[in-house]
Structure formats: structure tokens, C-alpha cells
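Work through the exercises below with the model open beside you. Try each task before reading its solution.

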Amino acid sequence: MSPSPLCKRRGMVEKINENKKSLMIKNYFKIALRNMWKHKTFTFINITGMAVAFGAALLLTLTAFFELSFDTFHQNKNDVYQLYIEQHHANSVDEGSTMPIPMTPALKAEFPDVVHITRYGDFGGSALRYGDKIFNDDVRCVDADFFKMFTFPIVNGSTINPLADKNDIVLSATVAKNIFGNQNPIGKLIELKVDNGWKSMNVTAVAADAPKNSSFDFGLLCRFEQFPGYDQNINEWNSQSHNVFLQLPTGEKQAVFEQKLKTFVQKHYDASIKQLIHDGAKPDNNGQVLSLHLIPLTDIHFSAISSQSRAISKFYPYLVLLISLFIMFIACTNFINLSLGRAFTRAKEIGVRKVIGATKTQLIVQFCSESFVICGISLILGVIAACIFLPQYKLAFNQQVSLNILASPAIISYILGGFVLISLLAGGYPAWLMSVGKTAQTVKGKVGAGQSSSLRNSLMVVQFALSSLLIICTAITWQQLNYMRTKPLGYNKSEVVSIPIGSNIDPEKALTQMRSKLSSYPQVVSVTGTDMNLGKGLDNSSSTSIMSFNYKGRTVSTNWLRVDYDYVKTLGLQVVNGRDLSRSFGADSTMVLINQKMAEELGEKNPIGDLLPTDGAKLQVAGIVKDFNFKSLHHEIAPLTMVIRTGWPINYILVRVKSGNLASSMALINKVWKDTNPHTEVGASFLDENTERQYNKETDLSKIFVTGAIISIVISCMGLFAIVILIITQRTKEIGIRKVLGASVNNILFLISKDFLKLVLISICIASPIAWYAMDKWLQGFEYRIQIQWWVFVITGTIALIIAFVTISFQSIKAAVLNPVKSLRSE
């Protein structure tokens with residue numbers, strides 16, 4: 001049956017309407033492209049500013065989302081926690097995540113509802129042997145539940161229980177490739193160096209490499225029974241050495257389980273609780289002086305308590321995200337201001353459109369289509385720029401980000417949301433403002449710009465306030481970094497070389513050989529050894545050891561440092577009382593050096609000769625050294641005890657050289673060390689380089705501030721330049737009349753620039769207190785910090801005013817020297 005004529009007619013009408021819509025949309029974009037081409041300067045400023053902003057914001061957003069994504073890939077992330085202990089003293093609170101070895105078996109026995117639990121201990125960089133080849137890699141000791149709790153996929157071998165036996169070992173994919181090449185490693189035996197001997201281990205599985213956003217990194221995983229000192233400390237509750245992670249039943253609240261832990265603490269820490277109370281400990285809000293708590297897995301990366309974390313404040317990624325928003329806002333402000341300015345210069349065009357029947361919706365769509373075209377081009381160019389500059393960005397800012405994060409729904413939503421919002425604001429608001437005006441006035445090109453000027457001025461104030469804020473933050477961050485770099489630390493850091501020993505050579509033997517070989521070189525002053533580095537060496541390792549003991553009826557806590565002879569001489573420390581540890585007094589293994597803070601902690605006027613009952617042995621105080629910063633400047637100088645104990649391993653060799661040719665001295669030390677330890681993989685470094693590495697986070701933050709400030713200022717000035725052009729274009733006749741009446745170039749320059757400079761001054765006044773408050777809070781994270789000076793704000797304000805004035809002057813002078821006859825004729 002053929003369709004009726006009425007149906008045919010309806011179909012034709014629908015088809016015509018569809019064609020009209022298609023033609024209309026096509027027309028919108030043709031007009032948009034024509035306008036962009038007609039006003040090339042404004043198009044260039046808009047696209048360049050937006051493209052730079054999109055590219056910079058994208059890179060910063062990748063950084064922020066990368067930091068926030070740590071450990072979120074684990075399937076059980078919502079149920080896994082790290083355990084930490086909190087101890088209250090009379091005047092302080094100690095929080096630490098290292099636990100005693102018997103803790104995990106006791107928890108497993110007394111809390112059967114805990115789904116899984118594992119210890120995680122750092123075996124350290126250990127030597128591995130397969131055949132006649134020796135390898136070095138990071139070995140971690142865990143319990144059998146590890147792979148049930150954490151999502152590290154097994155790519156080869158046993159997937160059910162790869163660490164069933166205490167001699168089983170799991171390799172990462174990279175380590176398996178390095179050792180076995182293309183061979184199948186499953187079932188092969190490799191030897192692990194344990195206590196100066198070799199122990200055979202059975203390879204049961206190969207796990208995928210830990211992703212970059214993981215708080216756990218490992219080359220090999222073995223059972224916790226292989227952990228150094230396991231047998232000696234299997235029942236010791238006072239020796240903390242590793243982290244503990246547990247998985248709670250789905251739905252169980254963190255606070256509920258922490259309440260359950262109270263009875264566990266009272267049972268196993270009764271003696272410690274009594275001692276803390278005896279020492280005057282102040283209980284917490286729950287009446288406890290010692291308690292166990294949990295850190296959610298996804299918070300570990302940002303935790304200052306967890307030794308598993310990188311101690312990055314959660315403020316850092318949100319700050320980076322905020323800076324990206326600042327940059328986008330500044331670019332968006334330019335776009336909106338220029339769109340408003342251009343809308344009022346197109347008043348006649350809009351008036352004619354309204355006369356011939358254009359609706360408010362059509363005008364808004366027209367303007368929005370132009371905004372979408374400009375934003376679309378800018379976004380494409382910004383993404384291309386981000387891809388091109390990503391390698392340089394990673395290198396400059398020490399980032400591990402990759403473009404794979406772009407596949408994240410959160411980032412896609414963030415980018416697309418920003419794109420649509422900016423396009424609608426920049427196009428929709430000017431169109432709406434013009435569409436509500438009277439048609440008769442619009443056709444004549446007479447549209448009141450008061451509302452537009454108010455919005456433009458407000459946006460410019462916020463724009464320059466954000467730029468000033470970033471400049472001030474940059475200046476204060478740089479001052480603090482410079483202060484940390486130049487502050488005397490109490491030891492010689494510029495002439496002392498630190499050498500990580502590693503595990504493929506006996507430490508005592510290595511120290512003896514280095515002493516012997518280097519003694520013949522005149523540029524070498526002294527050689528010593530220690531178990532802990534100062535700063536962060538090329539092995540990227542830093543550690544601390546704290547010991548508590550009962551001294552005359554009260555608990556005394558001290559940082560513990562294993563040193564060797566000539567430690568004081570090598571570091572240039574100052575003995576203020578007593579004597580140094582010396583071979584001339586025979587074996588000084590029962591003598592210790594303490595710092596001034598430790599002497600205060602003991603509460604003795606002259607503790608020389610006093611006995612310290614530590615670790616079952618009584619050690620006598622031989623001397624007191626002047627306090628020095630053995631930790632970063634984030635921390636106050638703490639009590640320190642230095643001891644020569646042959647049973648404790650030396651991890652680093654320190655070599656002091658003369659101040660002559662430091663580069664040749666370093667080359668000599670590297671050569672001698674390579675001869676001593678041919679299998680070494682990590683080189684030597686000066687202590688001043690080590691201390692610099694402690695502040696990598698602050699350095700990266702400073703670079704981000706600098707980059708953000710530069711980009712913000714450049715984009716702001718581009719927008720200011722374009723606005724000045726628009727204002728001068730609108731006031732061409734006025735400038736010509738003023739010149740005819742005798743106005744000088746300076747008068748014209750002052751006329752145009754005064755209002756803009758007033759806005760910049762207001763923005764500085766707004767930014768200064770905000771910057772002071774934010775940076776004062778940031779500086780609280782340092783025990784040793786600068787005082788924020790008033791002149792920082794004055795200099796920043798002066799710089800902002802100069803930059804703005806130069807930007808305005810360029811076009812203003814050009815307009816001021818123009819022949820007034822031409823100016824008047826143009827009207």
C-alpha cells in the first residue's frame with residue numbers, strides 16, 4: 001500500500017527542516033571561521049593562550065592524578081590497612097609503623113576474623129648468584145598471604161600459593177629476564193646471600209613488575225623467615241624492624257577494629273605501658289598511652305607515619321591541581337574578556353541579525369560555535385604540545401607520569417568538562433548580554449558597556465591576583481630552599497664522599513681495604529664507616545634507628561648510629577667535652593659518643609663516664625660532640641648515640657678529601673672502589689649532593705611554582721595587551737580630540753594605563769595576605785625555616801606593575817603618536 005499524500009508531504013517537510021538545520025550549523029561554523037580570519041590578532045592571542053594553558057594544565061593534571069592514584073589498582077584496596085603504634089610521653093607523641101616479629105603470629109591467632117595478614121621487611125640490596133654470575137637487586141621478605149592481599153599478577157608459575165615453602169622465592173619480570181634471559185625460571189635454584197653465606201632458593205613464580213604508582217617495589221620476594229635477625233628476635237616485642245599489613249572483612253570499619261586492638265595492646269605491651277605511665281606520659285582522649293592504629297592502603301603514599309610511604313603530603317597533588325586550575329582560569333579570563341570586547345564591536349552585526357529575525361537562542365549558538373571552534377583548536381594544540389614536551393617535563397620535574405593516565409575516566413571528564421564550560425562561558429555570556437539589549441540601540445552600535453566593563457575588571461583583578469600569588473609563592477619557596485642549601489649543618493658536607501657498600505662484599509673487609517689503598521694518596525684526609533648515610537645517596541636509601549632504654553628509673557630514647565674510628569675527624573665534628581673514639585685507648589667497642597641533645601636527655605651536668613644500659617650491655621660515655629643535623633631540616637636535632645660495634649654492619653664508607661680538585665678526588669675514589677668491589681653498581685657521591693636530594697620534593701614544588709608563575713604572567717599579559725588594543729580602538733576618536741586640544745604622549749599614556757594599573761595594584765593587595773597565610777602554613781613543615789619578609793610582597797608588586805605597564809605602554813604609545821587627523825577620520 002503506497003503512502004498517502006499527507007505522509008509524503010510530512011516527510012518532505014521533515015527532510016527540508018533537517019537540511020535547514022544542517023545548513024544553519026554549517027553556516028555558524030563558516031561565519032566563525034570568517035570572523036577568526038578577519039581578526040587574526042585576537043584569534044592568535046586566544047588560541048595561543050588557550051593552547052598553552054590546556055597543555056600546561058594537562059601535564060600538571062597528569063602529575064596530580066598520578067600521585068592520587070597510588071595503590072588504587074589493588075582489588076582489595078578498601079579493606080587493606082597498615083598497622084602503626086602510637087606512644088604518648090610526658091611532652092611528646094611518637095608514631096611509628098615498624099613492628100616486632102612476633103606481632104603478626106599473635107594477631108593471626110587472636111583475631112581469626114582477619115582475612116589475611118603479612119609482614120613486609122626490607123632485606124636490602126642483596127647479592128644473588130646463578131651459576132657463575134652475580135646479580136644485585138632489592139629483596140623483600142613477606143608472608144604467604146602477600147599475593148592474596150595485593151594485586152601483583154603472577155605471569156608465570158604458581159598462582160595459588162607461590163610462597164608456600166620458606167625456601168620459595170618469587171621474581172619480578174625484570175629480574176627474571178636479567179637472570180635467566182629467555183629461559184623458563186620456574187623450578188630453577190638461585191642462591192641468595194644471607195649472613196655472608198649463600199642459601200639456595202627455589203623459584204616458584206614470576207610476578208609482573210610493580211607499577212610506578214605502587215608503594216611496594218621489589219625485585220624478589222622471599223618468605224619472612226629469611227629476614228635478617230628473624231631467629232634471634234622471633235619472641236622479642238621490643239625490636240621493631242618491619243611493616244605489617246592486614247586485610248579486614250569487607251564492610252568492617254577501621255575504628256571498630258582499632259577498638260578491638262585495645263585488649264591486644266594491654267596483653268602484649270603491659271610492661272611498656274607501665275613504664276610510660278611511670279615516666280609521666282599524658283594519655284590520649286581515649287585514656288591510652290600506647291595504642292595500635294590503622295592506615296588505609298590508599299593513604300599510605302601520603303602518610304608521614306608509614307615507613308613504606310614517600311612522605312608526600314596530600315596537599316601536594318591538590319596544590320598542583322589548583323595551579324592547573326589557576327592557569328586555565330587566567331586563560332579563560334582572557335577568552336571571556338576578549339569575547340566581551342569583540343561582542344560590543346560587533347553590535348551593529350548583532351542588531352541587524354535581530355532585525356531580520358534572529359532569536360536569542362540563535363545568537364547564543366552563533367557565539368558558542370565560535371568559542372567551540374577556538375577552544376577545540378586550542379585543546380588539540382595543547383594535547384599535541386603536552387605529548388611533545390612530556391619527556392622534558394618528566395626530566396625537569398622528576399615525575400613518573402605517562403600518557404596512559406589519559407585513559408582514566410576522571411581525567412577525560414575533567415578535560416571535557418573544562419572544555420565545554422569555557423566554550424559556553426566565553427560564547428554564551430557575551431551573546432546573552434547583547435541579545436537582551438534594545439534592538440534599535442544595537443543596530444546603531446550604541447550598547448552600554450558598563451556591565452561588561454565591571455565583569456572585565458573583576459576578571460582582570462582575579463587574573464593578576466592569581467599571577468601575583470604564584471610569584472610570591474615562588475619567591476618564598478626559593479628563599480626556603482636556598483636557606484636549606486646554605487645553612488651550616490654542623491659537619492663537613494662539601495669535602496666528604498659517601499660510598500654505598502652493598503651486599504656483594506664483606507663490609508668490614510671493604511672498609512679495611514679502602515683505608516689501606518687510599519692512605520697512600522695525599523688528597524685523602526681520612527676514611528671511616530657508618531651504618532646510615534647522611535642525606536640520600538645514589539642508592540636512594542635513607543633510614544633511621546631509634547633505641548630506648550631505662551636510665552636511672554626513666555625511659556630514654558636516642559637515635560642510634562654505628563660508626564667507625566675517625567668518624568668525628570672525617571665529618572669535621574666538634575668534641576665539646578671528653579674525647580673521641582680512638583685506637584690509642586684500645587678497643588673502644590664499649591664506649592660511645594653522644595651529642596649535646598642526648599646529654600640533655602640524660603639530665604646530667606657532666607655525663608662523661610656514665611654507663612648506659614643498652615641492649616643488655618653497659619656502654620660508657622667517652623665524649624660529647626656538638627649538635628649537628630644528621631636528619632633533614634624538616635626535623636629538629638634529636639638525641640644521638642654513636643658507637644663502634646663490630647656485630648653491627650657498616651653500610652657506607654665515608655672518605656674526606658682535601659678541598660683542592662674535588663672532581664679528580666671523586667674519580668680516584670670511584671676507581672679505587674671499583675678495584676675493591678668489581679661488582680658494585682651504585683657509585684659514590686658527595687654529602688652536599690646527598691643533602692640536596694633530601695629536598696627533591698621542595699625543589700620540584702619550586703619548579704612548578706616558577707613555571708606556573710611564568711605561564712600565568714605571559715597569558716595575563718597577552719590578555720591585557722589584547723584588551724588595551726580593544727580599548728584604544730573604541731577610544732580612537734577621543735584620543736584624537738585630546739591630542740588636538742594639546743594632550744602630550746605622556747598624558748595619553750597615563751589616561752590609558754591608570755585604570756589598568758589600579759586593577760593590578762588591587763590584585764596585589766588581594767594576593768599578598770593569601771600568599772602569606774598559605775606559605776606560612778607550608779613553612780611550618782620545617783623545624784628550621786625562614787621568616788617571611790615584607791619586601792617580598794613589595795618586590796612582587798613592583799614586578800607585576802612593571803610588567804603590566806610595559807604591556808600597556810607598547811600599544812598606548814603607538815596610539816598616542818598617531819596623527820590625530822587620521823584618528824578623527826577613522827570615525
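**Exercise 1. Cysteines**

Solution. Next, check the surroundings. C332 is buried, at 9% relative accessible area. C765 is exposed, at 54%. The cut-offs for relative accessible area are under 20% for buried, over 50% for exposed, and partly exposed in between, using a 1.4 Å probe and protein chains only.

Before going on, note the ground rules. This is a predicted model, in which local features need pLDDT of at least 70 and side-chain atom pairs count only at pLDDT 80 or more, while totals for chains, interfaces and linings use all residues. Residues are numbered from 1 along each chain as its sequence is written, and side-chain values use heavy atoms, with hydrogens and water left out.

**Exercise 2. Confidence**

Task: Identify the helices where confidence is lowest and highest.

Solution. Start with the scale: pLDDT is the predictor's confidence in each residue, from 0 to 100. The chain averages 83, and 88% of the residues score at least 70. Confidence is lowest in helix α12 (residues 439–443), with a mean of 51. It is highest in helix α15 (residues 567–571), at 94. Where pLDDT is low, the predicted coordinates should not be read in detail. Helices (H or I, at least four residues) and strands (E, at least two) are DSSP runs, numbered from the N terminus. The chain has 23 of each.

**Exercise 3. Cores**

Task: Locate the largest nonpolar core and the residues with the most contacts inside it.

Solution. A nonpolar core is a set of buried Ala, Val, Leu, Ile, Met, Phe, Trp, Tyr and Cys residues joined through side-chain atoms within 4.5 Å. The largest has 103 residues, and Y567 and L571 have the most contacts inside it. Helix α8 (residues 315–345) gives the most to this core: 14 residues. Now list the partners of Y567, leaving aside neighbours within four places in sequence. They include T528, L534, L561, M642 and L654. Contact means heavy atoms within 4.5 Å. Apart from this core lies another, of 28 residues, among them A722, I725, I735 and V760.

**Exercise 4. Aromatic pairs**

Task: Classify the pairs F152–F218 and Y393–F397.

Solution. Rings of Phe, Tyr and Trp (its six-membered ring) pair if their centres lie within 6.5 Å; planes under 30 degrees apart are stacked, over 60 edge-to-face, and the rest tilted. The structure holds 27 such pairs. F152 and F218 are 5.3 Å apart, centre to centre, with 90° between the planes, so the pair is edge-to-face. F152 sits in the loop between α4 and β6, and F218 in the loop between β9 and β10, so the pair ties together parts 66 residues apart in sequence. Both residues are buried. Y393 and F397 give 4.8 Å and 40°, a tilted pair. They are four residues apart in helix α10 (residues 360–397), about one helical turn.

**Exercise 5. A loop glycine**

Solution. G553 and D279 are 274 residues apart in sequence, yet 8.3 Å apart in space, C-alpha to C-alpha.
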